[in-house]
Amino acid sequence: MPPSAAEMADGPWFNMWRKQYWPINELNIDAVLYWYESAEKSIVWRTIVEDVDRFSYDSKEEAKRKIKKRFGEIDDKQSYYTEAPSQGFCLVFKVKSLQRLNLPKPDEFKFPQQGWLSGEHEIAQKWLEMEIADDSTLDEIIPDGIPIERLRQLNNVMAGIPSARIKKIVSQTIRNDTILVKALKDLCHFSCQFPNCNVRIPKKDGGYYIEVAHIEPVSEGGRSVLGNLLVLCPNHHKEFDYGDLEIIEQTIDYLHGKLNGEEFEISLPSA
């Protein structure tokens, strides 16, 4: 496994299988991938997929030509190519490294034959929970990138984390007024996001006061695992907390609902 983030990003990475295993259809851009190092018996990298392609092939030379056309040259001396079936399905992708890790493999776990494990697997969820400390903030989980990009990545990374633990981490992030929280306030110009409000409260020492609220996901398995972080004035923050709130649609960057009978649509700011 490459020791540096730059080498991880060099890519491309690929698998060639005789059968159409589930990653062929399910691996997409922005998916978070964890990398296991056999020698260390640990997960050693967390990465995010930046580009991906999949195709069937009738010869390994055909597969190599397709990979080269989209991603550039590959090392055709490596075992992933030399020992690959002569016909089958190819999954090829490039990644960006997010964090170097050291998460030892649970003793009871054995990898599936194709070497891929879904993050929804019970053992995978328990394994990945080891990565996030109880006192973590969202800033520490995804330390780099612009705020909106980080929130998108967080939604993938925290899939499978129990909802109560997500709530605790988000609460700690907001309470500590972290860099990510401050950046969200700044993106909204310290103004309330609720439609037709735009209130921002001047402070006597300069700047403006505004709050960040966590609108929890309406159901597990939805498009928004993390929920929404909204910039709201104190009045609308309390109305969200204590009023009659109905969520109609919720994604990682959009919220549609009714609050005390008033329908609203809120989009996170674009960076």
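This is a predicted model: local features need pLDDT of at least 70, side-chain atom pairs count only at pLDDT 80 or more; totals for chains, interfaces and linings use all residues.
Residues are numbered from 1 along each chain as its sequence is written, and side-chain values use heavy atoms, with hydrogens and water left out.

So what's in there? The protein chain has 10 helices and 11 strands; those are DSSP runs numbered from the N terminus, H or I of at least four residues for helices, E of at least two for strands. Of the 271 residues, 44% are buried, meaning under 20% relative accessible area with a 1.4 Å probe, protein chains only.

Now the sheet. Four strands make an open one, in the order S1-S4-S3-S2, with antiparallel pairing; two strands pair if DSSP finds at least two bridges between them. At the edges sit S1 (13-17) and S2 (32-37), each pairing on one side only. Neighbouring strands here are turned by 40° against each other on average, direction ignored. Look at S3 (residues 42-57) and S4 (residues 88-104): 14 bridges join them, and Thr47 stands opposite Ser97 in S4.

Helix H3, residues 60-71, lies across S1, S3 and S4 and runs at about 110° to S3. For that angle, axes are lines fitted to C-alpha atoms, for helices over the stretch in contact, and angles run from 0 to 180 degrees between N-to-C directions.

On to the inside. The largest nonpolar core has 34 residues, and Leu138, Leu154, Phe194, Leu230 and Phe240 have the most contacts inside it. By nonpolar core I mean a set of buried Ala, Val, Leu, Ile, Met, Phe, Trp, Tyr and Cys residues joined through side-chain atoms within 4.5 Å. Elements giving two or more residues to it include helix H7 (147-157), helix H8 (163-175) and strand S10 (254-259). Strand S8 gives the most, with four residues. Apart from that core lies another, of 15 residues, with Trp17, Ile24, Trp35 and Phe93 among them.

Last stop, back to S10. S9 (residues 245-250) and S10 run antiparallel, joined by five bridges. Glu246 stands opposite Lys258 in S10, and the two strands form a hairpin with three residues between them.

Terms used: Contact means heavy atoms within 4.5 Å. Buried means under 20% relative accessible area, exposed over 50%, partly exposed in between (1.4 Å probe, protein chains only).
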